[in-house]
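This briefing is meant for a reader who is meeting the structure for the first time. Please look over the sequence and the model before reading on.

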Amino acid sequence: MRIALRDVTVQYDPGLPSATTALSGVGLAVEQGECVAVIGPTGSGKTTLLEVMAGLAKPTSGAATIEPAGAVRRLRDAVGLAYQFPESQFFEETVFADVGFGPARQGLAEPEIRIRVEEALSRAGLPAGEFGGRAPLSLSAGEKRRAAIAGILALSRPFLLLDEPTAGLDPSTAERIADLVRNDAREGRGVVVVTHDLEFVEAVTSHTVVLGDGAVLTDGTTADALSDAALLEQLGLEPPPRYALMDRLRRLRHPESDRIGLVLSRAGGDPQEP
Ligand SMILES: Nc1ncnc2c1ncn2[C@@H]1O[C@H](COP(=O)(O)OP(=O)(O)OP(=O)(O)O)[C@@H](O)[C@H]1O
Ligand SMILES: [Mg+2]
């Protein structure tokens with residue numbers, strides 16, 4: 001199964017003086033089992049793109065669909081979206097009830113809901129015994145984010161979309177979210193992550209889409225995107241340390257830069273060679 005966007009344009013307030021084109025002519029596809037990063041400056045259309053992929057924003061023109069056609073009734077039945085601001089996702093009095101809300105709406109029986117909620121909370125690093133009875137708004141910023149992600153995991157849908165999942169988190173909590181995302185992709189979910197955190201992009205994604213002013217600037221491997229120092233500078237994003245070092249060596253025309261790059265990429269423990 002894949003999410004496919006074809007020539008998607010989204011305009012807010014069309015026809016009014018406040019009209020804004022958030023996306024223009026975007027085409028891309030996300031397969032199950034892959035983990036895709038979406039990066040770009042503020043206001044470039046990243047959140048709007050996730051909302052289109054989740055079936056929550058309707059393209060003004062073009063189409064967002066699940067392929068093969070008929071695999072699910074509606075796009076939104078295949079996708080869970082964890083919002084940029086987790087507070088906007090909570091509306092129950094306890095973490096347990098909040099995470100259980102989606103499964104309850106799916107019509108699951110009480111014991112099955114309990115299992116889903118406990119598993120989702122445990123995967124998000126918030127054991128139900130400790131956090132289930134807490135009020136969502138009483139959680140710390142990192143716990144809120146993880147509770148919001150648990151709410152999406154509990155839906156158990158084939159695609160998981162995360163909007164800035166590591167914003168404001170310390171490195172160890174970000175690493176926990178990275179593990180969670182990697183496991184989800186390994187289990188066959190398709191994951192799309194919007195983020196400014198390029199170390200996170202390097203650690204978990206293999207495919208990166210770069211947005212600028214609502215259009216796709218590049219769509220290719222994460223290694224290619226992170227090696228493009230000029231593009232990252234244009235976006236105002238810092239490359240991860242390994243790529244920054246490679247870029248410096250290349251600029252200095254260091255005779256060993258290719259060999260050092262290979263050693264660094266092996267040390268990084270992933271298949272993406274700069
Ligand atoms: N509900 C809305 N009504 C009107 N304009 C909107 C709305 N939502 C977004 N926009 C505009 O659409 C454009 C894209 O916004 P979007 O939130 O998708 O960007 P973003 O890349 O997620 O930004 P950020 O990095 O700040 O989260 C911006 O110009 C924004 O002002
Ligand atoms: Mg956004």
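Predicted model: local features only at pLDDT ≥ 70, side-chain atom pairs only at ≥ 80, totals over all residues.

By class, how many nonpolar, polar and charged residues does the shell around ligand 1 have? The shell has three nonpolar residues, nine polar ones and one charged one.

**The surroundings of ligand 1**

- Ligand 1 is surrounded by 13 residues, and the closest of them are T42, G43, K46, T47 and T48.
- Helix α1 gives the most to this shell, with three residues, while strand β2 (20-31) and α1 each supply at least two.
- Oxygen atoms of ligand 1 take part in several polar pairs: one is 3.0 Å from a polar backbone atom of G45, one lies 2.7 Å from a polar side-chain atom of K46, and one is 2.9 Å from an N or O atom in the side chain of T47.
- Taken alone, ligand 1 exposes 640 Å², and the protein buries 63% of that area.

**The magnesium ion**

- The magnesium ion, which is ligand 2, is coordinated by OG1 of T47 and OE1 of Q84, at 2.0 to 2.4 Å.
- T47 belongs to helix α1, whereas Q84 lies in the loop between β5 (79-82) and α2 (95-105), so the pair ties together parts that are 37 residues apart in sequence.

**Helix α1 and what follows it**

- Helix α1 spans residues 46-53 and is mostly covered, since six of its eight residues are buried.
- The buried residues of α1 are K46, T48, L49, L50, V52 and M53; K46 is also the residue with a polar side-chain atom 2.7 Å from an oxygen atom of ligand 1.
- Just after α1, G55 takes a positive phi of about 75°.

- T9 is found in strand β1, which runs over residues 2-12.
- T9 has a relative accessible area of 19%, and because buried means under 20%, T9 counts as buried.
- When neighbours within four places in sequence are left aside, T9 is in contact with T21, L23, S24, G25, P59, T60 and S61.

**Backbone features**

- Most residues other than glycine have a negative phi, and most peptide bonds are trans.
- A cis peptide bond, with omega of about -5°, joins E67 and P68, and P68 has its place in the loop between β4 (61-67) and β5.
- S156 is not a glycine, yet it has a positive phi of about 55°; S156 sits in the loop between α5 (141-153) and β6 (159-163).
- E164, likewise not a glycine, has a positive phi of about 55°, and E164 is found in the loop between β6 and α6 (171-186).
- Are S156 and E164 buried or partly exposed? S156 is partly exposed, with a relative accessible area of 38%, whereas E164 counts as buried at 7% relative accessibility.

Methods:
Residues numbered from 1 in each chain as written. Chains lettered and ligands numbered in written order. Heavy atoms only, no water. Buried < 20%, exposed > 50% of the residue type's maximum accessible area, 1.4 Å probe, protein only. Helix = DSSP H or I, 4+ residues; strand = E, 2+ residues; numbered from the N terminus. Contact = heavy atoms within 4.5 Å. Near = heavy atom within 4 Å. Polar contact = N/O pair within 3.5 Å; in protein donor to acceptor, adjacent residues only side chain to side chain. Areas by Shrake-Rupley, 256 points an atom, 1.4 Å probe, with all protein chains shown as cover. Nonpolar A, V, L, I, M, F, W, Y, C, P; charged D, E, K, R; others polar. Donors = N, O, S within 2.8 Å, 3.2 Å for Na, K, Ca; no water.
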